[in-house]
Each structure stands twice: as structure tokens, then as C-alpha cells.
Amino acid sequence: MSTRKHTALPKARTLIEALPWLTRHHGKTVVIKFGGNAMVDEDLKRAFAQDVVFLRHAGLRPVVVHGGGPQISAQLDLLGLESEFKGGLRVTTPEAMNVVRMVLAGQVQRELVGLLNEHGPLAVGMTGEDARLMTATKHYADIDGERVDIGRVGEITAIDPGAVHALLDDGRIPVISSIARSSDDEDLSAGASGIFNVNADTAAAALAAALGAETLMVLTDVEGLYEDWPHSDEVISRLTASELEQLLPDLASGMVPKMQGCLHAVRNGVHTARVIDGRVQHSILLEIFTDEGIGTMVVPDTNTIEGAT
């Protein structure tokens, strides 16, 4: 008597393949930087929300950090305010800072929280201002060796992750906008001008380190870190912190804050940092729960994670 062929068997095999990864990551904190095409494409946004909720139900503790470059630029255009960039960073006037704050906390964050909460009362939105989560000082751009003032752009000086820990312990998914309070009390008394626009890659890396996260995942619009771009599209699947540090000076400007964030994370207690292609639906699940990583993984110099891809 032949065994009936079950069409669902491949699904069972997929679940079994995920088992060692589920075991390894159970109870661990994963910080995910949400950005790129995944932030503006409706299908990718929905798939991202499903992935994050899956992580939560699979026993992980996901934290989402987001920026909102495209949405901020669109709103500035609508208001007749110019979008200017220097050294790869947005020049943020006090007027532009009001728009940044409104778009990040009032639009991008609310939409993402809504998508996550379609699956249950899970997501809670906050900004780096809340509970003094992120504190920053003024950041100056370095352009050809010259120090250039780019307005209300901040450099993180302190992270107080207590509120995020409390949300995670309560089974929630924190969704955090990358703006920070000023460390200057006089600056703070000036209202909206007492806050800073912070690069979301940098904010995610600093938060991952402060939380003692297992993994930092950075969604981007490329497959990963290329071996020899633009001469080759071969992706480096794994490299150590020291190897990455040597590559940093030659990277394309858009990848620098992402890779600097990965380097900061693994040098400050995060076990792995990964840059993954946010254009691929369910890329987060593919990276964490399958034997074939789809991006670039950075590990500490002494890392010996068994089976890391």
C-alpha cells in the first residue's frame, strides 16, 4: 500500500529547517532598521509587518527603528521647503525639523504601527524623545575636510533603553522614530528646536548595542555589500568587523552609515549585524530562519557562531 502524497509536505520541511534557528533565537532581541523600498511599496510594507509579527510569535523580541526620507522630502516639497543634502545628510533647518518630527511620528510610525496591529494589540509607537530614549548633540558634516553646519542633525551621545525593555517584557513591539532630544538644557527650552534629526541606521545600531541585542538587521535597496562594485555584483555573505573596517573608506556613500552602524553594533556586544535586501518579500524570515542567508552578515572578530551564513 503506497503512502498518500501530501501536498503540504514541503511546508513541513520548511518548518523543520527553521527549527535550529528558532531554538537559537528564542527570547533574543532583534533590532530591525526599516527603510528603502520596503518603506514605500505597499506589498513590501505589509510583508515586513507580517515578518515582524511572525518573529514576535516565534519567541523573539523584535524592535523596529525607522526613518522616513522619501516621505519627509515629499512633505517638504508640498510646503515649498527645499530638500538639501550635504555630506549625504539632510540639511535640517528648524522649519524642516518640524516637518521631520510630524512625518516620522505622525505619519510613517502610525502607518507601521497600524499594519502591525492588524495582527493583534502588539505594536507601540515612540520616538527617541520619549522617556529620554535617545539623547544627541549637534552633528557637523565633514565635507572635504571642512566642518559644515547642517542644522538640526544630531549625533547620539546616550541611550536610555528602559522604556523599550519594559515594552518588550510586556510582549509589545516597539516602533521607534529616529529623532532625539538635545543634551543641552538651554536648547531644550526652545521647543522643537531642542530636538535633532538622527540618521536611522545610526540610531538602530546605537539602540541594538544598548539593548544587548542578538542581531541588528538593516533593510536596504541592494542585495548586500558587494565584493567589488561596480565591477562585480558578487555579494560578500560574511565578514568580520576588522575586514569591514578596512573596506569602509572605499564604500559608496549610501552604504557608509549602514555599514558603520553594523560595525558599531558588533563592536559593542551585538552578536551579528546584517544588511539585507528589503526589496525581497519576507527577506527578514529568509535571513533568520533559513540555511541560506540572503544579505551580508558582519560578525565580531572573535565570532565563531556555528552555522552562520
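Into which kinds do the residues of the lining of the largest pocket divide? I looked this up in a predicted model, and I got 19 nonpolar, 19 polar and seven charged residues.

**Entry 1: the largest pocket.** I noted a space of about 1400 Å³ for the largest pocket. I found 45 residues in its lining, and Gly88, Leu89, Asn199, Asp201 and Pro257 are the ones that lie nearest its centre. Next I checked which elements give two or more residues to this lining, and I wrote down the strands β1 (29-34), β4 (89-90), β6 (134-143) and β7 (146-159), together with the helices α3 (69-78), α7 (200-211) and α9 (256-266). The largest share comes from α9, with six residues.

**Entry 2: cavities.** I then searched the whole structure for cavities of 30 Å³ or more and found two.

Entry 3: I listed Ala38, Leu44, Ala47, Phe48, Asp51, Leu219, Gly278, Val280, Gln281, His282, Ser283 and Ile284 around the second largest cavity. Which element gives the most to this lining? I found that α2 does, with four residues. Both α2 (42-57) and α10 (283-289) supply at least two residues each. Sorting the lining of this second largest cavity by kind, I got seven nonpolar residues, four polar and one charged.

How values were computed:
Residues numbered from 1 in each chain as written. Predicted model: local features only at pLDDT ≥ 70, side-chain atom pairs only at ≥ 80, totals over all residues. Heavy atoms only, no water. 1 Å grid on protein atoms, 1.4 Å probe; cavity = no way out; pocket = protein on both sides within 12 Å on 5 of 7 lines; lining within 4 Å. Points joined across faces, edges and corners; volume = space filled by probe spheres on them. Nonpolar A, V, L, I, M, F, W, Y, C, P; charged D, E, K, R; others polar.
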